[in-house]
Amino acid sequence: MKREQVFEFFRRLAEANPSPTTELEYHDPYTLLVAVVLSAQATDASVNIACRPLFQRIKTPRHMVDFGEDALRDAIKTIGLFNTKAKNVIALSQALIDRHGGEVPRTREALQALPGVGRKTANVVLNTAWGEETFAVDTHVFRVCNRTGLAPGKTVDDVEAKLEKIVPQPFRRDAHHWLILHGRYTCKARLPECWRCPVIDLCRYKPKTPPPEERAKSSAARSASPRSSKARIAKGPIAPTPTASRSRSRPTRLP
């Protein structure tokens, strides 16, 4: 996309949603960090369901370590990869106590040094907790950036680097939230809802998905086609075509 198109792309997303934020429920930087770690390959909704009762009891890294891995595993067993995640959350909580006085660090390098914390998780925490201009690239952001042509790249690092380069002010702080929400609710993986997309004319994706009513009409038209099985049944059974015998009749006795 050209520079002016990128600006217009984000301007429209901002107009539709002026105050985007994560859908994960949290109370402070620590519970945000835990929630983001748990959300890997899981939906925010499933993480929220598991974490609501958990965060009523767990407020600090010390609380989590005292809670223990077995209890945490049981508390998050409805979330995918819960065994590994429970182990990582206990380990990162202990690391926060040992290295950072129980506080969540405010640099990407220190965050990524924690067990179970990758670049995407670090970017989410830096952005959501402290408002830094970072670009967390998850599957939604990766899909939207490639599908629309906004910031195409073969890897998440490629996409992040392009976003870092092209996203203008005043959209940089909230850019990744707009892209995540756009990918989650409009530019969906299986069937993008192009008919209600605010940036449809800026997007390079083809063919555009038609509205549901148009798809319904198209489906009805195909069903009414004379070539359909229903049409053949309506015409009645087709009389068999007589065919010549493949072999001559044999005499039943000698002449």
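Predicted model: local features only at pLDDT ≥ 70, side-chain atom pairs only at ≥ 80, totals over all residues.

Trainee: What makes up the protein chain in terms of helices and strands?

Mentor: The protein chain has 13 helices and 0 strands. Buried residues account for 42% of its 255 residues. Among contacts between residues at least 6 apart in sequence, 58% join residues at least 24 apart. The chain exposes about 15,300 Å², and carbon and sulfur atoms supply 53% of that area.

Trainee: Why is Ile180 called buried?

Mentor: The relative accessibility of Ile180 is 13%. Buried means under 20%, so Ile180 with its 13% counts as buried. This residue is found in helix H11, residues 175-185.

Trainee: Which residues are in contact with Ile180, leaving aside its neighbours within four places in sequence?

Mentor: They are Asp138, His140 and Val141.

Trainee: What makes helix H9 mostly covered?

Mentor: Of the 10 residues in H9, which spans 139-148, 7 are buried. His140 and Val141 are among them, as are Arg143, Val144, Cys145, Arg147 and Thr148. The cover over these buried residues includes helix H1 (3-16), helix H10 (156-166) and H11.

Trainee: How do you know that Asp138 caps the N-terminal end of H9?

Mentor: A side-chain oxygen of Asp138 lies 3.1 Å from the backbone nitrogen of His140. After H9 comes Gly149, with a positive phi near 90 degrees.

Trainee: Why is Thr134 called buried?

Mentor: Thr134 has a relative accessible area of 5%. The limit is under 20%, and Thr134 is therefore buried. The residue is placed in the loop between helix H8 (119-130) and H9.

Trainee: What does the side chain of Thr134 reach?

Mentor: The side chain of Thr134 reaches the backbone oxygen of Asn123, at 2.8 Å. Not counting residues up to four places away in sequence, Thr134 touches Arg108, Asn123, Leu126, Asn127 and His176.

Trainee: Why is Gln41 called exposed, whereas Leu81 is called partly exposed?

Mentor: Exposed means over 50% relative accessible area, buried under 20%, and partly exposed in between. Gln41 has 75%, so Gln41 is exposed. Leu81 has 49%, so Leu81 is partly exposed.

Trainee: What is the phi of Gln41, and what is that of Leu81?

Mentor: Most residues other than glycine have a negative phi. Phi of Gln41, however, is positive, near 55 degrees. Leu81 also has a positive phi, near 60 degrees. Gln41 lies in the loop between helix H2 (29-38) and helix H3 (44-57), while Leu81 is found in the loop between helix H5 (69-75) and helix H6 (82-100).

Trainee: Where are cis peptide bonds found?

Mentor: One joins Gln169 and Pro170, with omega about 5 degrees. Another joins Lys206 and Pro207, with omega about -5 degrees. Pro170 is in the loop between H10 and H11, and Pro207 in the loop between H11 and helix H12 (212-223). Most peptide bonds are trans.

Trainee: What lines the largest pocket?

Mentor: The largest pocket, with a volume of about 540 Å³, is lined by 30 residues. Nearest its centre lie Ser39, Ala40, Asp44, Lys120 and Asp138. The elements giving two or more residues to this lining are H2, H6, H8, H9 and H11. H11 gives the most, with 5 residues. The lining divides into 10 nonpolar, 14 polar and 6 charged residues.

Trainee: How does the lining of the second largest pocket divide, and what is the volume of that pocket?

Mentor: The second largest pocket has a volume of about 170 Å³. Its lining has 6 nonpolar, 3 polar and no charged residues. Lining residues include Leu13, Ala16, Trp178 and Pro198. H1 and H11 are the elements that give two or more residues, and the largest share, 4 residues, comes from H11.

Terms used:
Residues numbered from 1 in each chain as written. Heavy atoms only, no water. Buried < 20%, exposed > 50% of the residue type's maximum accessible area, 1.4 Å probe, protein only. Contact = heavy atoms within 4.5 Å. Polar contact = N/O pair within 3.5 Å; in protein donor to acceptor, adjacent residues only side chain to side chain. Areas by Shrake-Rupley, 256 points an atom, 1.4 Å probe, with all protein chains shown as cover. 1 Å grid on protein atoms, 1.4 Å probe; cavity = no way out; pocket = protein on both sides within 12 Å on 5 of 7 lines; lining within 4 Å. Points joined across faces, edges and corners; volume = space filled by probe spheres on them. Nonpolar A, V, L, I, M, F, W, Y, C, P; charged D, E, K, R; others polar.
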